[in-house]
Amino acid sequence: MGPSKLILLSPLQGWSSPLDEAPDAVFAGQMMGDGVAIDPIGTSLHAPCDGTLVVVPTSKHAVTLRADNGAEILLHVGIDTVGLGGEGFELHVREGQRVRAGDRLISFDLDLLARRAKSLLTPVIVTDTMGFSISRRSENCSVRVGDFLMEILQTAEIAHAAQAAPGAVVVERSVLVLLEHGIHARPAASLAAAVKGLAADVSVVFGARKANAKSPVGLMSLGVRKGDQIVIQAAGADAEAAIAALERAFGGGVSVGGAVFAAAEPRATGGSASVDAASGRGSAPPQPDRTLKGVVASRGLGVGLAFQFARATIDVAEAGAGVIRERAEFDRARETVRADLTRTVTSGNNAAREIAEAHLGLADDPDLVDAARRLIESGKSAGYAWRAVLRDGIEALRALNDPRMAERADDLLDLESRVLSALSGHSTAGPELPPESILIASELLPSQLVALDASKLAGICLAAGGATSHVAIIAAAMDIPTLVATGPAALRVATGTPVVLDAEGGWLYIDPPRVHVELARSQLAEKRARRAAEQQAAQRECRTADGTRIEVFANVGSEAEAHAAVRNGAEGSGLLRTEFLFLDRVSPPDEAEQLEKYQQIARAMEGRPLTIRTLDIGGDKPIPYLPLPHEENPALGLRGVRTSLWRPDLLRIQLRAILRVRPAGKCRILLPMITDAGEIRAVRLMVDELRREEGYLEPIALGAMIETPASAVMADRIAREVDFMSVGTNDLTQYTLAMDRGHPELAARLDALHPAVLRLIAKTVEAAKVYGRTVAVCGGLASDPVAVPVLIGLGVHELSMVPAVIPQLKALIATLSVDDCTALAKHALERETAEAVRALTLRTVSGLDATGRARE
């Protein structure tokens, strides 16, 4: 007797196409199963055969039908339609209902789907291709409801995954599901593929329901949503591997094109297993050496080929070839470097120009130059002298254990490399990158980054480095996804290896399965399109869904950043850092120089409000013209406004320059590191005196940064003395939690969403309300999508963030209601840890995806 046959009738009127034409790698790659895709011209979906509806999701966009012979058929109306949340769909059936061929299952608004969905193509899929095969099908032709579509044969032998031995120990793990839309078709396929070839019985339990984790339909039938708690059970030789793969995928995997794949991908190793990259079937257990964890320095997603880059080592002889010759060579090399830097200042891109300006100052630093010349006079070579002097400075800066000083150390290392290259004749040109390169290096100097062809750079992965380094800041400004601190294993990834760099979750995937690469490319294309739309929409003023005005400002530190902020939709600048004017020089900037720089930035802001923070400097940033006394702990010494009041001559010059910026009335003055009201009164007296001297008639707002526990506790007193307050969450978190933000062992625990920090922000807002003052947040927390709803709920209506995230966060804010945010903030204040606050926000805010990013 031959195999049993099942005839499927067309459930739609339209054009039947091969499944691989579906614009989605999960369907086109047959991860869900085999079938066809129909481009509909009708508006209703019908049953293709007799059977029972086993999955009918609340999103109404799809159904799964189990035929009488056991075959399961997925009917999925359109691509990416789960995100519509049921809008445009009407169900005519319920889960568990028995239907006959031709019965109407779903009606849909074809025009709405055409506008909102990625594609109208509707996959019709036989999900269990291990037990059934399609013997013939109608493709590349028009079909009507009830026309022949496919003939399905039940195979004589049905393959089964390896089973657990009787009495095997069952391993269980409880997991919080962070998949954006729960378990629908696409993530179900990826989850099943992650464990399909493992030697284990794997189940997922949700409430009273239990499903085989190797069955996409079974997983979908659970009805699991984002924020639900599920239990994974596994027994067998690969039980632990299965648990690990699913746990990572459910709770912390990488969101790629709407699916999630585990951080350690199932892959074939040796000759023991084979893998079908298109389907993910037959995989071996997860291989930890195929993934690397790093620290996100610049968010984004990169897909391409690894390109290993190592900085050339320049050897220098210690002994010179005569003082006269070495002195001449030293001057020649410095002049060559100065000429190169000057050309960059006049013709380079914004990021390169700013670096070049800083390096020009360092190249002429008299202490460095004089120390090198003294070594040359003692008989050393020019190269040896220059390296020795700069290495002393580099070690001194790194010994401060301050990430901001580490950035200065990188600048010195960069300048060392430039001068030594000029002395030795080494080329400073960047390497020739192939298209879509993921550059991997131990470390990268700022000049090396800007010398690269950004059009061919898909991402950067550094074995060392920090998230606050100069390179990280430049990479973010250039919109290059970047991971740092991935460890020495990154340097063993061969050039040309396919990689996916997830600078959202902090993972580098090495030689992942082809289907995952395709998923990542699909998400990247969608993200670019969405970002362009968000950037255009970001030019409108920001309001929540219920109409509450939220001012979205930008933190800037240069004219280039101000231009970028305006392009991205900034409504003003909530923080202009002025330290760039005072560092890397032998004398302080005079009033004219300061006014010129502030005026350039004000013009770039095109009349928008500009908040200028006075000099925030202390013993952690040694500068020649400000010989601060030695301090055991500079973070607790002369810092911020304390330094300015210690040197009122410098403060007066800066305040006078700010008062002269035009248009009048657009600038605000922000005082850093305030701890009591007396400091504000002292500066207020100085400002009023200068206004009288200058004949400045316009009022100018004076604000205080709340970045110490003392200022938050005393916010009611401070609010009486200022016009506004701005919370600097970076320092506030460091001082509140007693954790050095530059400490590598504590960096992961230093989270500004800690309830202790949130309570101090809440106390500040309450104090400000009494006096009618506004409270802004200008620290890193304002750029964190997970934190934004909580901050709005606490009463913060001005957020100042890095320019790159403005379009995305404006789009997120537009989906929020203040009442919901207030309720969320109230619950957040009751939590005990930052992790609990983040989990709470991810569960309750629909505009966030599983990585905490605003939903793409």
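Buried here means under 20% relative accessible area, exposed means over 50%, and partly exposed is in between, with a 1.4 Å probe and protein chains only. By that rule, 55% of the 856 residues of the protein chain are buried. This is a predicted model, where local features need pLDDT of at least 70, side-chain atom pairs count only at pLDDT 80 or more, and totals for chains, interfaces and linings use all residues. Residues are numbered from 1 along each chain as its sequence is written, and side-chain values use heavy atoms, without hydrogens and water.

The chain has 26 helices and 36 strands; these are DSSP runs numbered from the N terminus, H or I of at least four residues for helices and E of at least two for strands.

Now the loop between strand 6 (62-67) and strand 7 (72-76), where N69 is found. Beyond its neighbours within four places in sequence, N69 contacts S4, L6, F132 and Q154, contact being heavy atoms within 4.5 Å. Q154 is 85 residues from N69 along the chain, with 8.2 Å between their C-alpha atoms.

Last, the helix pair. Helix 21 (residues 729-737) packs on helix 22 (residues 755-770) at about 120 degrees, axes 10 Å apart. Axes are lines fitted to C-alpha atoms, for helices over the stretch in contact, and angles run from 0 to 180 degrees between N-to-C directions. On the helix 21 side, T729, L732, T733 and T736 meet A756, V757, L760 and I761 of helix 22.
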